[in-house]
Amino acid sequence: MSAILYGANVSPFVRKVRAYLALKGIDYTLEPVNPFDPPAGYRDISPLGKIPAWRDDDVTLADSSVILLYLERRHPAPPLYPRGDAAWAQALWLEEYIDSGFMPKAGGGVFFPLVLGPMMQQPVTDEVRAKVDQVIADDLQPMWAYLESQLGDGEFFVGDALSIADLAVASAHVNLWHAGVDVDAATYPRLAAFLARQFAGATFQPLIDEEAGTWSRRDNA
Ligand SMILES: N[C@@H](CCC(=O)N[C@@H](CS)C(=O)NCC(=O)O)C(=O)O
């Protein structure tokens, strides 16, 4: 059977997996799941009720990082995890930094109030916007500074090849792009250039195009 990825295309964790699948040329079907209104039995596949989840002939799995580590063992080419031990660990660390540190702030603090809220009759009032700006100033700015420092002068976050770290960083920032929040190129030139390259590239551009009509708030941000 064709493998199934359960989730919503706007989830940064689902998008990270989709970017990986595209790079590997792995065939799959995206089965829409809203984690806040999941289909009956979804917890049999994803015990925490979160997206993404994955099913193929051999396994059902939850958690984007677990799914990708599993897929990397089955589809090692082209490698999307660095070979060296230290580089491998650094890539995993950056993925974790994004998934557990950055996304809770960028998602709950920015994407939800600016994009999902208005879709659920929760307008972006001055008070809401002020809270978002506070999250950007207090939480995202230091994380952007950290990411800028980790990027160095290279094209990629770890070593000289694309890795899971790059997919995680780029995917997370697509949600901010939908919200109309950009990384300031004057303050974080390497990060801004990295994101511009990734967003315009063959992996992320089709995903962004697919999502933009539904999720992008750039016109009224
Ligand atoms: N560590 C998980 C995080 C997944 C996650 O938090 N997904 C969100 C959607 S972006 C979700 O399902 N939220 C619903 C919930 O927390 O109940 C992963 O990497 O897959």
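A crossing is left-handed if the near helix is turned anticlockwise from the far one by less than a right angle, and right-handed if clockwise. The model on this tour is predicted: local features need pLDDT of at least 70, side-chain atom pairs count only at pLDDT 80 or more, and totals for chains, interfaces and linings use all residues. Residues are numbered from 1 along each chain as its sequence is written, and side-chain values use heavy atoms, leaving out hydrogens and water.

**Helix pair.** α1 passes α6 in a right-handed crossing. The two helices pack at about 130°, with their axes 9 Å apart. Axes here are lines fitted to C-alpha atoms, for helices over the stretch in contact, and angles run from 0 to 180 degrees between N-to-C directions. α1 and α6 are therefore oblique to each other (under 35 degrees is roughly parallel, over 145 roughly antiparallel, 65 to 115 roughly perpendicular, the rest oblique). Show the side chains in contact (heavy atoms within 4.5 Å): among them are R15, Y20 and L23 of α1 and L167, V174 and H178 of α6.

**Sheet.** Next, colour the strands. An open sheet of 4 strands runs in the order β2-β1-β3-β4, with mixed pairing; two strands pair if DSSP finds at least two bridges between them. β2 (28-32) and β4 are the edge strands, each pairing on one side only. β3 and β4 pair in the antiparallel sense over 3 bridges. Pick W54 to find its bridge partner in β4, L61.

**Helices over the sheet.** Bring α1 back into view: this helix lies across β1 (3-7), β2 and β3, at about 155° to β1. α3 lies across β3 and β4, running at about 135° to β4.

**Cis peptide bonds.** Go to I51 and P52, whose peptide bond is cis with omega near 5°. P52 sits in the loop between α2 (42-45) and β3 (53-55). Another cis bond joins A77 and P78, at an omega of about -10°; P78 is in the loop between α3 (64-74) and α4 (85-119).

**Positive phi.** Finish with D63, not a glycine, yet with a positive phi of about 85°. D63 lies in the loop between β4 (60-62) and α3. Its relative accessible area of 40% makes D63 partly exposed (buried is under 20%, exposed over 50%, partly exposed in between, with a 1.4 Å probe and protein chains only).
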